[in-house]
Amino acid sequence: MAKPLATIVSAGLSKFGVREGLYARELFAEAASEAFERCPNLSPKKHIDGLFVGQMSESYEHQAHIAPMIADWVGLLPAPAYRTEAACASSGIALRCAIFAIQSGMHDIVLVGGVEKMTNRPTAIVTENLGMASDFPLEQWHGITFPGIFAMMATAHMAKYGTTEEQLAKVAVKNHENGMLNPKAHLQKKITVGDVLASRPVAWPLKLYDCSLISDGASCLVLTNPKLAKKFTDTPVHIVGSGQAQDTLGLFERDDITTMNVTKLAAKDAYEMARIRVGQIDVAEVHDCFTIAEIMAYEALGFCKQGEGGRLIDDGVTKMNGKIPVNTSGGLKSKGHPVGATGTAQACEIYLQLTGEAGKRQVKGAEIGLTQNIGGSASTAVVQIYGRGD
Amino acid sequence: MEPDKVIKEKKPDSKWSEWGRLGKWNVVGYKIIEGNKGPRPDKLQRARYMLVNRPWDVMYEHSYGLVSRFFEGLLEKKLLGTKCPKCGDVFCPPRAHCWRNRCKLAETEWVEMPMHGILHCFTVLGFAGEAFLSDLPFILAYVRVEGANTLIAGRLVGMDPEDVECDMKVNIKFVEHPSGNPMDIYFVPEGPPLDRRPAEEKARMRRQLEPIRTWVKEKFGR
């Protein structure tokens, strides 16, 4: 394993779900207070010298310029604060920016996280808001939705590789099973393949249970220069590899929509930087905004060959007791998907797994973890690799 | 410097001019609620909060930029694309500059596209943004117009959703009165269904779409 880029010394997650009666800033404060409580040696105002926060949309609360406000609400003023946006990868890129900040030496200890407060608006309006991450005017104006865009990938994947609706359903069933073990998850509900197949089509072949949830939530990490980590914790988690790549915003200009090329490229960089082979990954959180996205992530991350993602789920390789447990948190599917919070929420889960704090969903002896976070129709992909520090 | 002049104009109906001012952000409704508060489901406390309703919307004005000619073409019922003079790649929908590094952002040239292509992939929408709810369920497809290197989105009509398949040949049609909107074009199948989807899958899809049709009929009366 390569030498660490930056080190996570604490993590916090708000409860995900319909959190009526809270502003986004208050949700973030809930996550931050958990991170601060977990790390008694940290004196936030004294030690933390920067804040990075991912948020997709101003339009849920009609509030732009949230970085100073979040800094204020978590008691970090006047530390420099930065907001990043990459649709559903908004906090995935916030984490990368925080790594750059630490690597550059400009910051030593930062708070990095994300937040989204989505559930106050009607589902049809949220659908339109999220749709803004596709090409305007050439996709949005046809009434396309994000389920619609991933459904396009699904029909193409099914036609090319014979992937089935049942295989997609199995991803949802697995992630719901995992989510039952996560008290922070939005939806704690056991479902069967039959339930998924019988649920209402949102964008065929994707049914209601193939889709992630519209949630409120926030997540954050305390990230330090690796040299300082021991001051704050005995169980540091190092970030040892990081990769990012971009593709066209619209799906209509891609070479092949059955391959998540950006994830492939980001993963290649992250694996090389970390000097880790795919076979060494003990646990992974991947971006299952829709079930087809998890199947395509398996292929792009090298968990199986291109086109064999459906078979991987059939074989149970990614279940909690399988060779590479994927989305032990319940994933976006069951834990919930407050879009701005998702990237660092994935990192929170890996942090808990590698420090042995994941409770009932603990993967025994997990030492190396991976997160994959995508934005839009996989126009952005961020992959990070984590190693347990000793 | 010569002043800008309007070549052609369709003025929005005067009813739209009120659009942005209608609600004025007034609080037109509220609720005071006592609910549960706290991050831990096992340690919730009761807390009060207030919810308010404020109407707000905007009238957008934006230009189609360097690819405006494509949308003018729609008004004239002509499907246009662009072509890179260096590598020959054809873009429909258009790009103003070539996408290849080696062409160094070469400016593309306008070409007229044939009115047919191949359906690359599709979806049947069972839910949509507010503006499109009354049209549900509808078929959206990405079509590769013959000769193009990119795909173009649009609706497919004239076929039951359960008969649609990837790789079908389609013809491209214009709506009767184009308005300069990408939705001025739509697709129709060129021939009979390929009929390669299993009967069981087709029957399941028919069953799944039925409640959506009923919901739309009840909500919108169509």
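Predicted model: local features only at pLDDT ≥ 70, side-chain atom pairs only at ≥ 80, totals over all residues.
Visitor: Let's begin inside chain A. Why is α7(A) called roughly perpendicular to α10(A)?

Guide: Helix α7 (residues 165-179) and helix α10 (residues 291-300) of chain A pack at an angle of about 95°. Angles of 65 to 115 degrees count as roughly perpendicular, so α7(A) is roughly perpendicular to α10(A). Their axes are 8 Å apart.

Visitor: Which residues make that contact?

Guide: From α7(A) come A:Gln167, A:Leu168, A:Val171 and A:Ala172, and from α10(A) come A:Thr291, A:Ile292, A:Glu294 and A:Ile295. Sorted by class, the contact of α7(A) with α10(A) has 5 nonpolar, 2 polar and 1 charged residues.

Visitor: Now for the two chains. How do you know that chain A is in contact with chain B?

Guide: Residues are in contact if their C-beta atoms, placed from the backbone, lie within 7 Å. In this model, 34 residues of chain A are in contact with 39 residues of chain B. On the chain A side, α5 (123-131), α6 (146-161) and β5 (201-204) each supply at least two residues. α6(A) gives the most, with 6 residues. By class, the side of chain A that touches chain B divides into 18 nonpolar, 9 polar and 7 charged residues.

Visitor: What makes β5(A) a partner of β6 in chain B?

Guide: Strands pair if at least two bridges are found between them. There are 2 bridges joining β5(A) to strand β6 (residues 116-125) of chain B, so the pair meets that cut-off. The two strands run antiparallel. A:Trp204 has B:Val124 of β6(B) as its bridge partner.

Visitor: How is chain A divided into domains?

Guide: Domain 1 of chain A covers 6-121 + 215-237, and domain 2 covers 148-210 + 239-388. Their C-alpha centres lie 23 Å apart. The contact involves 37 residues of domain 1 of chain A and 32 residues of domain 2 of chain A.

Visitor: Which element gives the largest share of the domain 1 side in chain A?

Guide: α4(A) does, with 8 residues. The elements that give two or more residues to this side are β1 (6-13), α4 (90-104), β4 (109-117) and β7 (216-224) of chain A. The side of domain 1 of chain A that touches domain 2 divides into 21 nonpolar, 12 polar and 4 charged residues.

Visitor: What does the domain assignment give for chain B?

Guide: It gives domain 1 (25-56), domain 2 (65-113) and domain 3 (115-222) of chain B. The centres of domain 2 and domain 3 of chain B, taken over C-alpha atoms, are separated by 25 Å. Their contact takes 12 residues from domain 2 of chain B and 13 residues from domain 3 of chain B.

Conventions
Residues numbered from 1 in each chain as written. Chains lettered and ligands numbered in written order. Axes fitted to C-alpha atoms, helices over the stretch in contact; angles between N-to-C directions. Helix = DSSP H or I, 4+ residues; strand = E, 2+ residues; numbered from the N terminus. Parallel < 35°, antiparallel > 145°, perpendicular 65-115°, else oblique. Contact = placed C-beta atoms within 7 Å. Nonpolar A, V, L, I, M, F, W, Y, C, P; charged D, E, K, R; others polar. Domains from an automatic or database assignment.
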